[in-house]
Amino acid sequence: MNAITDNVGEAIFSPVTLTHTEQPKRGHFTSLEIERILDGCRLNRRAEQKELYGKYYGYAMSISLRYSLNYDNALEMTNDAFLKIFKDLKNFAPRNNNVASSFTAWFKKVLICACIDHIRKYSKKERTNVL
């Protein structure tokens, strides 16, 4: 692999090859990484919010699709959950030394509540449209 260089010829990025056992698991953070990202999200930094969204999007969609068979509704549920998470992140307090597992459990709880709220909201609208 070649290093990426700027127009002066200095290396600005040098790719590192990791062995199979060193490859980070996708969607999993260490406690230090999640603390850094959550601190950035609490300060409304878009880069950290995007990083959190990117890492947890697949997990969130897999849960949302259990509550809705329609992809568009599941996407709306997921996005509603992320909005609630970014808004209520100040209320998150880890319950043990492992911040990553505490956050994942809290994330899942907020996501499921958002899915149920979405179902309640739109089931009422469907009932009123039928009448």
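First, the ground rules. The model is predicted, so local features need pLDDT of at least 70 and side-chain atom pairs count only at pLDDT 80 or more, while totals for chains, interfaces and linings use all residues. Residues are numbered from 1 along each chain as its sequence is written, and side-chain values use heavy atoms, with hydrogens and water left out.

Now the layout. The protein has 4 helices and 2 strands. These are DSSP runs, numbered from the N terminus: helices are H or I with at least four residues, strands are E with at least two. From the N terminus, the order is β-β-α-α-α-α.

Next, burial. The chain has 131 residues, and 27% of them count as buried. Buried means under 20% relative accessible area, with a 1.4 Å probe and protein chains only. The exposed surface comes to about 9,600 Å², with 54% of it from carbon and sulfur atoms. Those areas come from the Shrake-Rupley method with a 1.4 Å probe.

On to contacts, meaning heavy atoms within 4.5 Å. Take the contacts with a separation of 6 or more: 52% of them join residues 24 or more positions apart.

Helix H2 covers residues 46–67 and bends by about 50° at Tyr56. That bend is the angle between axes fitted to the seven residues ending there and the seven starting there. Tyr56 is also buried, and so are Ala60, Met61 and Ser64, among others in H2.

What does Thr78 touch, not counting residues up to four places away in sequence? Tyr57, Ala60, Met61, Ser64 and Leu111. Thr78 sits in helix H3, residues 71–88. It counts as buried because its relative accessibility is 0%.

Now helix H4, residues 99–130, which holds His118. Is His118 buried or exposed? Buried, because its relative accessible area is 6%. Leaving aside neighbours within four places in sequence, His118 contacts Asn73, Glu76, Met77 and Asp80.

Last, the second largest pocket. Its volume is about 170 Å³. Asn91, Phe92, Ala93, Arg95, Ser102, Ala105, Trp106 and Lys109 line it. A pocket here is an open set of points on a 1 Å grid over the protein atoms alone, where a 1.4 Å probe fits, with protein on both sides within 12 Å along at least five of seven lines; lining residues have an atom within 4 Å of a point. The lining divides into 4 nonpolar, 2 polar and 2 charged residues.

How values were computed:
Buried means under 20% relative accessible area, exposed over 50%, partly exposed in between (1.4 Å probe, protein chains only). Grid points are joined across faces, edges and corners, and a volume is the space filled by probe spheres set on the points. Ala, Val, Leu, Ile, Met, Phe, Trp, Tyr, Cys and Pro count as nonpolar, Asp, Glu, Lys and Arg as charged, and the others, Gly among them, as polar.
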